[in-house]
Every structure is written in C-alpha cells, then in structure tokens.
4 protein chains.
Amino acid sequence: MQIRIVAGSNAALYKQIADQISRSIAAGELQVGQMLPSVRQLARELVINPNTVAKAYADLVQAGIVETQAAKGFFVSKRRQVYTKTERLRRLDESIQSLINQSLTLGFSADEVLDRVRELFGKVLRSLPDS
Amino acid sequence: MQIRIVAGSNAALYKQIADQISRSIAAGELQVGQMLPSVRQLARELVINPNTVAKAYADLVQAGIVETQAAKGFFVSKRRQVYTKTERLRRLDESIQSLINQSLTLGFSADEVLDRVRELFGKVLRSLPDS
Amino acid sequence: MQIRIVAGSNAALYKQIADQISRSIAAGELQVGQMLPSVRQLARELVINPNTVAKAYADLVQAGIVETQAAKGFFVSKRRQVYTKTERLRRLDESIQSLINQSLTLGFSADEVLDRVRELFGKVLRSLPDS
Amino acid sequence: MQIRIVAGSNAALYKQIADQISRSIAAGELQVGQMLPSVRQLARELVINPNTVAKAYADLVQAGIVETQAAKGFFVSKRRQVYTKTERLRRLDESIQSLINQSLTLGFSADEVLDRVRELFGKVLRSLPDS
DNA sequence: GTGGTCTAGACCACC
DNA sequence: GTGGTCTAGACCACA
C-alpha cells in the first residue's frame with residue numbers, strides 16, 4: 001500500500017492518511033485481518049511525527065474500520081455498522097451542506113455540481129473493484 | 001437582504017456571511033453597484049463581532065465580488081469571476097472529494113449520495129428569496 | 001463543576017476527566033447547551049497538559065455527548081443515539097467481559113459481583129437526580 | 001487443563017492465561033500441590049512468546065496462587081488469598097466503576113446491565129469444565 | 001518490536 | 001481569548 005500526503009493541502013495530514021487507508025480497505029487492497037503498517041514505520045516513511053499517524057489510526061478505529069491489538073498493531077476489522085441510520089445521515093448531510101455552501105460561493109449550479117459529483121464518484125468507484 | 005447565521009454549524013461564521021452575500025449577488029438580490037450594509041451595522045444585526053463581518057467582506061473583496069471605496073463602504077463589483085475556470089473547478093473538486101471520502105466511510109452508495117445532494121440543494125435553492 | 005483526578009490511578013487521566021464530565025452531564029449539573037470549561041482553563045486547574053484535556057473532550061464529542069464550535073468552545077449537546085443497538089451491546093459486553101475476568105481472578109462469585117454492581121450502580125444513580 | 005486464548009480480545013494475553021489458571025484452580029481442576037505445565041511447553045502449545053507465559057506465572061506467584069520451586073517448576077499453592085478482603089473489594093469496585101461509566105455513556109439502565117452481567121457470567125461459568 | 005499515555009511547546013484559523 | 005494540528009520526546013505495558 002502506497003500512501004501519499006500533500007503538505008500544502010487544506011486537509012489535515014491525519015485526515016489524508018485516514019482517507020487513503022479507508023479507501024485502500026474499500027478497494028480490497030488491504031484485506032480483513034491484515035495488519036496496517038506500524039505507526040512508527042508509516043511515520044518514518046512519510047517523514048512525519050508518529051503521533052500524527054496514531055491520530056489517523058485512532059479515527060479509523062472509531063469508525064469501526066480497523067481494530068487495535070495492544071503491542072501487536074492495527075488490523076483491518078470485519079466491516080460492521082457502527083452508527084445508527086440517523087447518525088449516518090446526519091454526518092452525510094453535514095458534508096453535503098458544506099459542499100453546497102462551497103458550490104454556491106463558487107457560483108456553480110446544482111446541475112453542474114451533481115454532474116461533477118457523479119463523475120468523480122464514478123471515477124473513485126472504478127478504482128475500487130471490490131465495492 | 002436577509003442574512004442568517006447558524007451558530008451550531010461547522011462552517012465558520014465569516015464564511016457563512018460571505019457565502020450568503022455571494023449568493024444574494026448571484027441571485028440578483030443585490031445589484032451591481034449597490035452598497036452592502038456597513039460592517040458595524042451588520043455586526044449589530046447579527047449580534048456578532050465586527051471583526052467577523054470585516055473578515056467576510058475582506059474575503060469578498062479578495063474574490064473580486066465586492067469592491068471597497070475608502071470611507072464610503074463596500075459595493076457589489078461589476079466584475080465577478082476572479083477565479084479562473086480551472087481554479088474554481090479545483091476548489092469544487094476538493095470539496096467533492098471530501099464528500100466522497102465521508103460517504104465511503106459511512107457506507108453510502110453513489111446513488112444515495114447523489115439523491116441526497118439533489119434534495120438538499122433543492123431545499124437550499126428554494127430557501128433563497130428569488131433565484 | 002468540580003473535577004478531581006487521581007494521579008496514581010490505573011485509569012488514564014483523559015478517561016478520568018471524560019468519565020466525570022459524562023457523569024456531570026447525566027446528573028444535570030451541566031445543562032444542554034452549556035459551555036464546558038475551556039481546554040486551557042481546565043488544564044491549568046488540574047495542572048496537566050492541555051492536550052490531555054483536549055483528548056478527553058474529543059472522546060466526549062465522539063460519543064455524541066458534547067459538540068465543539070471552533071474558536072468558541074465545547075458545549076453540552078442534545079443527547080442523541082449515535083451507535084446502533086448492536087454496537088452499543090458490543091461495547092457493553094466488552095466491559096462486562098472484562099469485569100467478569102477480573103471477578104474470577106479475584107475469586108468473587110457471580111452473586112457477589114451482581115450484588116456489588118447493583119449496590120454501586122444504585123449509589124451512582126442516586127447521585128444523578130435527572131436520569 | 002485446557003487454556004484458550006483469544007487474540008482479538010482486549011485483555012492482555014498474559015492476563016487471559018493467569019485468569020484461566022486461576023479459574024481452573026478455583027474450580028478444583030488443578031489440585032493443591034499439582035504442577036503447572038512448564039513455561040516453554042505452554043508457550044509452544046499456545047504458539048506464543050514464552051515471556052508472555054512467564055509473565056502470567058509471575059503474576060500468579062505474586063498473587064500467592066502458585067508457588068515456584070527453583071529448577072522444578074510451578075505448583076498450585078496451599079494458601080490462596082493473598083489480597084486482604086478490602087484490597088480485593090477495592091479492585092473489584094474499580095472494575096465495576098469502569099463498567100458503570102461505560103454503561104452510563106452508552107445509555108444503558110442499571111437493570112439492563114445487571115441482566116446482561118448475569119447472562120454473560122452464567123455463560124462463562126457454564127463454559128468452565130467443572131465448577 | 002508494538003501501541004498507549006502524557007508533557008511541552010509551537011503555529012494556525014477563528015471570534 | 002477559543003479549538004485544531006503537528007512536532008519532539010519521554011515513559012509505560014505488552015509480546
């Protein structure tokens with residue numbers, strides 16, 4: 001698995017890491033039960049502080065995507081539903097609202113945004129054979 | 001012009017203000033050349049810190065959406081598009097990618113997300129006085 | 001609200017803080033919408049590092065008990081169900097299993113443990129008038 | 001004596017081992033004076049690091065549950081209770097408090113928790129060969 | 001070696 | 001002033 005981080009991005013480093021691992025898992029690139037790179041190792045590779053990697057991993061644990069075995073490492077967990085329907089929708093809506101605000105500010109129409117979302121989503125899904 | 005700010009939102013106050021003014025202009029509610037409410041007046045209305053309004057206006061100026069005339073106030077600018085087409089798209093894509101990441105993590109399908117974006121977008125547009 | 005931390009405890013500092021705030025909220029000592037002590041202030045009071053307080057608060061946010069408003073503070077949120085029934089039970093069972101292991105190691109019988117759980121739970125509930 | 005360790009458990013391996021030996025003794029499966037499997041043998045059986053088994057045995061010795069006879073091995077001790085009554089209760093209460101905290105955070109009632117403790121405790125006891 | 005916790009101190013965005 | 005992020009470095013429990 002190859003993780004690339006962009007220093008000058010708006011996105012926090014730990015979020016970039018979490019997102020990419022999340023995708024790798026969805027893509028089946030990381031199998032259930034497989035161990036993630038250790039916190040220290042990934043930190044060395046990316047030349048960032050181990051705490052930053054640890055925070056990314058902690059987020060993935062919270063989302064129920066990976067599990068931790070103390071003194072052993074982090075492992076891809078069996079996918080399970082953690083949040084209630086309401087909570088999932090609440091979180092989705094939050095993200096969508098933020099996109100809508102940005103779209104309006106940038107002067108895009110609903111149709112333009114929808115087309116672009118469809119396009120990018122499709123592109124991502126095609127890169128994730130197993131989902 | 002009616003500006004509504006939501007305290008409990010994840011969006012920054014100054015961004016909410018800038019977004020809504022931007023929208024009002026796009027909707028034709030605020031005409032080219034028209035003067036915006038003064039920083040102090042708007043701050044009083046919204047019961048927030050004047051610095052926050054000033055920051056919003058500064059951003060709109062920076063975006064070329066409004067112009068400032070020293071000691072007179074802020075006015076809707078004639079020229080709108082400051083961002084190049086590619087720059088606008090880059091920013092939009094950034095927001096969309098963030099939504100896609102969140103959707104994948106929460107386990108929503110592309111169709112579910114698209115439907116919800118359409119729905120919320122419609123709701124927001126209907127809530128704008130005339131567009 | 002008065003928070004006391006025990007340095008020599010097995011429980012992590014941040015967990016002690018999270019637990020006590022969680023209880024204060026359940027007790028109605030902290031009302032919905034009320035602001036928690038700021039990270040820095042509480043850290044000063046307890047003479048610990050702000051990061052430790054921040055971690056405690058982050059956990060409470062994750063549990064859906066408090067919300068954060070950037071640059072404003074942390075606030076008691078309206079209680080909502082975040083986790084699925086299955087997930088809640090999974091987490092409860094984990095805690096119970098750990099208690100059972102400890103009980104067996106210490107040589108307590110099921111009845112002794114049950115009585116003690118009942119007793120301590122009652123004591124806690126009596127200290128939480130609003131729940 | 002059959003020892004089962006669960007890799008994906010949150011309990012430390014050495015604690016699982018110590019707990020199960022402790023249980024077997026309480027259940028009479030291991031008689032006073034009987035010799036425990038050697039550190040190396042048990043480690044081979046469980047396919048884990050001998051250090052982990054050694055740590056478990058050391059804890060049992062420390063607890064007064066087993067005794068070591070130099071160059072011979074580990075034996076079930078005659079005297080069991082090393083912890084004073086108050087010390088045992090203090091440790092039990094600590095575990096119970098932790099369960100109560102988790103229960104309150106998850107929003108379970110005392111009755112729900114008690115029922116579940118009773119159920120899981122029964123299940124564990126039934127899984128012990130003779131008790 | 002692994003993760004878990006805590007400290008100290010920095011810089012940023014926002015109000 | 002507030003929280004959010006990141007770094008650096010320490011010590012611990014565990015395998």
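**Labels and their cut-offs**

Mentor: By class, 11 nonpolar, 7 polar and 6 charged residues make up the surface near DNA strand F. Keep in mind that this is a predicted model, where local features need pLDDT of at least 70 and side-chain atom pairs count only at pLDDT 80 or more, while totals for chains, interfaces and linings use all residues. Residues are numbered from 1 along each chain as its sequence is written, chains are lettered from A and ligands numbered from 1 in the order in which they are written, and side-chain values use heavy atoms, with hydrogens and water left out.

Trainee: What makes a residue count as near DNA strand F, and which are the closest?
Mentor: One of its heavy atoms has to lie within 4 Å of the strand. On that basis 24 residues surround DNA strand F, the closest being A:L13, A:N51, A:T52, C:R40 and D:L13.

Trainee: Which part of DNA strand F does a polar side-chain atom of A:N51 approach?
Mentor: A base nitrogen, at 2.8 Å. A polar contact is a pair of N or O atoms within 3.5 Å (within protein, one must be able to donate a hydrogen and the other to accept it, and residues adjacent in sequence count only if both atoms are side-chain atoms). A side-chain N or O atom of C:R40 is 2.7 Å from a base nitrogen of DNA strand F.

Trainee: Why is A:Y57 called buried?
Mentor: Buried means under 20% relative accessible area, exposed over 50%, partly exposed in between (1.4 Å probe, protein chains only). A:Y57 has 0%, so it is buried. A:Y57 lies in helix α3 (residues 50-62) of chain A; helices are DSSP runs of H or I, at least four residues, strands are runs of E, at least two, and both are numbered from the N terminus. Contact means heavy atoms within 4.5 Å. Not counting residues up to four places away in sequence, A:Y57 touches A:I21, A:L36, A:P37, A:V39, A:L42, A:V66 and A:F74.

Trainee: And C:R91, buried or exposed?
Mentor: Relative accessibility is 16% for C:R91, so it counts as buried. Its side chain joins that of C:E87 in a polar contact of 2.9 Å. Leaving aside neighbours within four places in sequence, C:R91 is in contact with residues including A:Q62, A:V82 and D:Q102.

Terms used. Ala, Val, Leu, Ile, Met, Phe, Trp, Tyr, Cys and Pro count as nonpolar, Asp, Glu, Lys and Arg as charged, and the others, Gly among them, as polar.
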